[in-house]
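Welcome! Take a moment to look over the sequence and the structure shown here, and then we can walk through them together.

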Number of protein chains: 2
Amino acid sequence: MTDLTIWTLDWVPEGPRGFVRDLRLRWACEEAGLAYTVRTVAFDDRATNHLDQQPFGQVPFLTDGAVETFESGAGLLYLAKKSEALMPRDAAGETATTQWLLAALNSIEMVTVPWWFLRMSGEKDNKLTGWVEMRLNQLEKELAARDWLAADRFTVADLLMADVLRVPDVRAFGSRPATEAYVARVTDRPAFKKAHADQIAHFEAADAARG
Amino acid sequence: MTDLTIWTLDWVPEGPRGFVRDLRLRWACEEAGLAYTVRTVAFDDRATNHLDQQPFGQVPFLTDGAVETFESGAGLLYLAKKSEALMPRDAAGETATTQWLLAALNSIEMVTVPWWFLRMSGEKDNKLTGWVEMRLNQLEKELAARDWLAADRFTVADLLMADVLRVPDVRAFGSRPATEAYVARVTDRPAFKKAHADQIAHFEAADAARG
């Protein structure tokens, strides 16, 4: 029996399948060989049915015995403590990994997600576009210089950065060969493929139950 | 002699004074009683003059002997390892602190900063407004229930959340008494006042040098 549980929604429409953020935690567990269970909260009243566990009504959150944690970035840092496969154990490697994990969230995703949201809201050309372009160009220079963000090896920072970058609107925006090669390389990992396939299967199985 | 160095700009215009993010690291050092030095990169060519240390051309970044780290959130987690004043040492307290620090960045600031950016770009009413309102209302419920985000005590998560929330446009947006009391309480701490005054003085001193 395993205590490590990843919580996600019981069902989502086809659009977000393959992109719901429980994938980040599934992927990390697969990389680390950590056994885990997936449990669900209901899609239909998701904004209010799990506020005790996630005050913003989002998924995923993680439980591990008595420990509970939400925010996918925090979940990844939590899992990284369990396995060197996700983060080096030396101070320099741990600091670099943490830094790039935060950069994925606060320097890249902070711009790409609101930009994507405006595009989905009908503003294909919006005032965040220049900011997104600047950030992706800056990151392209980094990725042209090396294969992995931190510590010359795959870390949980690559997992998160690749997950941020693989969003279709972001991936299709401009031509950045090093970034594209990076996303292709990181998402070619067996652990990503397993996590991705498992998420798709999870939501497809729920279609039948909804009738 | 101290090795811990917070890097910021040598000067900024009046507008951002008191809000440049080196304040987050100054504040954390003041809370923890950590000795530190402030060093600078030039404002005038800031987009390119320190890419070796901060690939997005931003400040702050932190050096500590041979260790370098950018991203204010990563800097805060780095400093939190040095002092229990910033983060509890038990696993549950550390996990809760990390979770709320990430929430400040990825659930609140990810919406408020692009929203503020659109407002500064002339779009006072923009399509991120509803999202900001939802997040702040969700957070208001949390802050109405307790004084501190994690572990029933001040942590670096409060430092960061209060810094995100004290941005004037955010603070003035709607009436949320628990959030306002929280921001007032956290920024009333002597360590915040010292860090804030030091940043203002730092940039004012540079006015003279620029002539």
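A few words on terms come first: a residue counts as buried under 20% relative accessible area, as exposed over 50%, and as partly exposed in between, using a 1.4 Å probe and protein chains only. This is a predicted model, in which local features need pLDDT of at least 70, side-chain atom pairs count only at pLDDT 80 or more, and totals for chains, interfaces and linings use all residues. Residues are numbered from 1 along each chain as its sequence is written, chains are lettered from A and ligands numbered from 1 in the order in which they are written, and side-chain values use heavy atoms, with hydrogens and water left out.

## How the two chains are related

Two copies of a chain are related by a rotation about an axis and a shift along it.

Contact, here and below, means heavy atoms within 4.5 Å.

## The sheet of chain A

Helices (H or I, at least four residues) and strands (E, at least two) are DSSP runs, numbered from the N terminus. Two strands pair if DSSP finds at least two bridges between them.

In chain A, 4 strands form an open sheet with mixed pairing, in the order E2-E1-E3-E4. E2 and strand E4 (67–70) of chain A each have a single partner strand, so one side of each is left without a neighbour in the sheet. On average, neighbouring strands of this sheet are turned by 25° against each other, direction ignored. E3(A) and E4(A) run antiparallel and share 4 bridges; A:Asp64 stands opposite A:Val67 in E4(A).

Helix H2 (residues 72–80) of chain A packs on this sheet, where it touches strand E1 (4–9), E3 and E4 of chain A, and its direction makes about 135° with that of E4(A). For such angles, axes are lines fitted to C-alpha atoms, for helices over the stretch in contact, and the angles run from 0 to 180 degrees between N-to-C directions.

## The sheet of chain B

Chain B has an open sheet of 4 strands in the order E2-E1-E3-E4, with mixed pairing. Its edge strands, E2 (37–41) and E4 (67–70) of chain B, each pair on one side only. Strand E1 (residues 4–9) of chain B runs parallel to E2(B), and 5 bridges join them. Within this pair, B:Thr5 has B:Thr37 as its bridge partner in E2(B).

Helix H1 (residues 22–32) of chain B packs on the sheet and touches E1, E2 and strand E3 (61–64) of chain B, with its direction at about 155° to that of E1(B). Helix H2 (residues 72–80) of chain B also packs on the sheet, touching E1, E3 and E4 of chain B.

## Backbone points to look at

Most residues other than glycine have a negative phi, and most peptide bonds are trans. Which peptide bond of chain A is cis? The one that joins A:Val59 and A:Pro60, with omega about 5°. A:Pro60 lies in the loop between strand E2 (37–41) and strand E3 (61–64) of chain A. In chain B, the peptide bond from B:Val59 to B:Pro60 is cis, with omega near 5°, and B:Pro60 is found in the loop between E2 and E3 of chain B.

Positive phi values occur at A:Ala151 and at A:Asp152. A:Ala151 sits in the loop between helix H4 (129–145) and helix H5 (156–165) of chain A, and A:Asp152 is in the loop between H4 and H5 of chain A.

## Buried and exposed residues

| Residue | Relative accessible area | Class |
|---|---|---|
| A:Cys29 | 1% | buried |
| B:Cys29 | 0% | buried |
| A:Ala151 | 39% | partly exposed |
| A:Asp152 | 72% | exposed |
| B:Glu140 | 14% | buried |

B:Glu140 is found in helix H4 (residues 129–145) of chain B. Leaving out residues up to four places away in sequence, B:Glu140 touches B:Arg176, B:Pro177, B:Ala178 and B:Thr179.
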